[in-house]
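Okay, thanks for coming, everyone. Let me put the model up and then talk you through a couple of parts.

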Amino acid sequence: MKLKKLIKKAEAFLDSEERDRKEKKKYLKQVLRKLSKHEKRLKARLEDAANEEEKARLEKKLTLTHAQRKKGVRLLSEMAEQSKD
Amino acid sequence: MIRKILLPTIFAILAYGFWVSPDFKIIAAGVAIFLFGMLSLEEGFKAFTGGLLENLLRRTTDRLWKSLSFGVVTTTVMQSSSLVSVITISFLSAGLIPLIAGIGIIFGANLGTTTGAWLVAGFGLKVNIASYAMPMVVFGVILIFQKTKELKGIGYVLAGLGFLFLGIHYMKEGFDAFKSTIDLTAYAVSGYAGVLLFTLIGLVATVIMQSSHATLVLIITALAAQQITYENALALAIGANLGTTITAIIGSLSSNVDGRRLAVAHLIFNLTTAIVAIALIFQLTRGVDTISHWLGIADDDYTLKLAVFHTVFNTIGVLIMLPLINTLVKFLQSALHAKVRTMAQPRYLNVSSISLADTALEAVRKETLHLYDNAFDIIAGGLRLDPQAIRSERPLAEAIDSSGRIRSIDIDEQYNLNVKSLYSEIIAYISRAQASMTPAQIDDLFALRAAGKDVVEAIKDTKHLQKNLDIYRGSNNLSIAAEYNAIRLELATVLRGLERVRERGDDSAEVLSLDELKVEMKANDKGLLARLDHLVRKDLISAQMATSLINDSGYAYHVTKNLVKMGEVLFSSGDSGIRSAERSLALDADEMEQLLAESPADIEETP
């Protein structure tokens, strides 16, 4: 059993495509974490927004950040699917 | 002239030597194999420069002791001060580290290189080194044939070490056999004349072999075979130290002023150390005897005593020069000036960094930013705006209102003067740099090349826009003037937004926020189309004006799109993985359309 696990690990290590994917996932997650924090900050600012103009500006920013984060989450799940195959 | 006859002369001398003495042939082959080992070792370490070495180097810039330690450790590990010097010069030229850190590394490299003498004298001569060399060469060569870069790199390092050991072995064998036929000590010269003569021989030998390490090994093996006297060996070691600066000087020839300053610092360090060592050679020899006694080195173990001497005189050099490092930096900065550069001359592209993938990428990024800086002034000029006003905190509407005195610029002329040749240099550098890159690094490089193209496209679109803008911005028809000034304001907002994000390139969220500018511009373009009907219907503008406005609004959108695309690639200061992740999250045209469709309020909101 242990040997099988070891072989699997070695295979994953030697599979450069899988290694690249892992690497990409790692960086994508880092950027997504930053976007998520940014989104939270924007939401907090939106709650404190003093006027309608500021509110509309922040809402636009929020929509965009959310769209980018959604795109990132989709890319991550696509990569997870590819790893399974 | 000298260059032309130097190589044939060396060949003739060597051929004569081979003919006269088979032992000399073995020694020379030993040196050649050793040098080949150094080349292989350097090749191997270059495979790992794509990240590890650069990251380490980046972290050694904040404190002098860190730079010094980096120099000591890397030279000890790589056994090549030349490679460390060349990497440091290319980092300096690419603007990645300050001069003081570069000098610290070079001082450290001088200390690190002394470990070579210890390894050869303490290990190389005491054991049968060839028995280690053979398997290393075999395993190394097998690994070199592997596909992955890492395994190839390990292969080169292993084969390199094998060849180094094999070279040392042949040198040792050669000198041992030489002993029975010729006694070179008969040519020994004592006193200061000997010191100066052998320093010169050491220097010339190192310049020819381009490696102080090889000279030192040759000295140690000759000393072990008692073919040179201890006193002369010390002088040869001083000469070898001085000769090694030649590699740094050659490396700096193609680099910018900082690279040349570093090479001069290297020369000053080694010259000072050599002068002190020559002046105090007899005192130093006594000092080495005392230290060797403390370390338990036998009185007649001259090879290890040479290693002690090498370490002692380089340490003295560091101790003398380290307190003077700030004075040295000031002196170098005042003595060596950057050549008078035009805006179009490249500042960061340097031949010595072409083979160091990550450094080359950073150099291209910085140079393309330089290209953008030049383009910024042209685009601002094309909009009849003061670039400084855009970069300031002043309200942009105010800057537009007071821009009446700003003269129109000839964009074609400015492009030819400040952009075209710089862009060509970047393209040429990119073509040459990709040879030593991995597919992922080539992707990064191509993204940078595309960013350069985006900058150029933005200038061209501004040029198309400029013609009507100059006609209508001050027109008596207030409606058309207002529309064109709105375009100017939008583009000035984009330029200012880009500058803000550039300052905070370490935050991915900021870099990705550039997409806002695209959304904004797209919304403005759509808003304009909605307003145009009204303006034409009410006869506020002519149909011809409306057509111009539609076209020019399209150009403004393209300028924005290109500049944002450029910003997303160039402004991010994260490493290549982060940059690639950021690029994959930026919204494309369809996603942008979708976002706008989901928030139609944007269109109505625009003026």
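First, pLDDT is the predictor's confidence in each residue, from 0 to 100. Chain B averages 83 on that scale, with 92% of its residues at 70 or more. So you know the ground rules: this is a predicted model, where local features need pLDDT of at least 70 and side-chain atom pairs count only at 80 or more, while totals for chains, interfaces and linings use all residues. Residues are numbered from 1 along each chain as its sequence is written, with chains lettered from A and ligands numbered from 1 in the order written. For the complex, the predictor gives an ipTM of 0.84 and a pTM of 0.67.

Now, the interface. In it, 21 residues of chain B are in contact with 19 residues of chain A; contact means C-beta atoms, placed from the backbone, within 7 Å. Which helix of chain B gives the most to the side that touches chain A? That's helix 28 of chain B, with seven residues. Helices here are DSSP runs of H or I, at least four residues, numbered from the N terminus.

Next, inside chain B. Helix 18 (residues 357-382) and helix 22 (residues 420-433) of chain B pack at about 165 degrees, axes 10 Å apart. Axes are lines fitted to C-alpha atoms over the stretch in contact, and angles run from 0 to 180 degrees between N-to-C directions. That makes the two helices of chain B roughly antiparallel, the word for angles over 145 degrees.

Definitions and conventions. Contact = placed C-beta atoms within 7 Å. Parallel < 35°, antiparallel > 145°, perpendicular 65-115°, else oblique.
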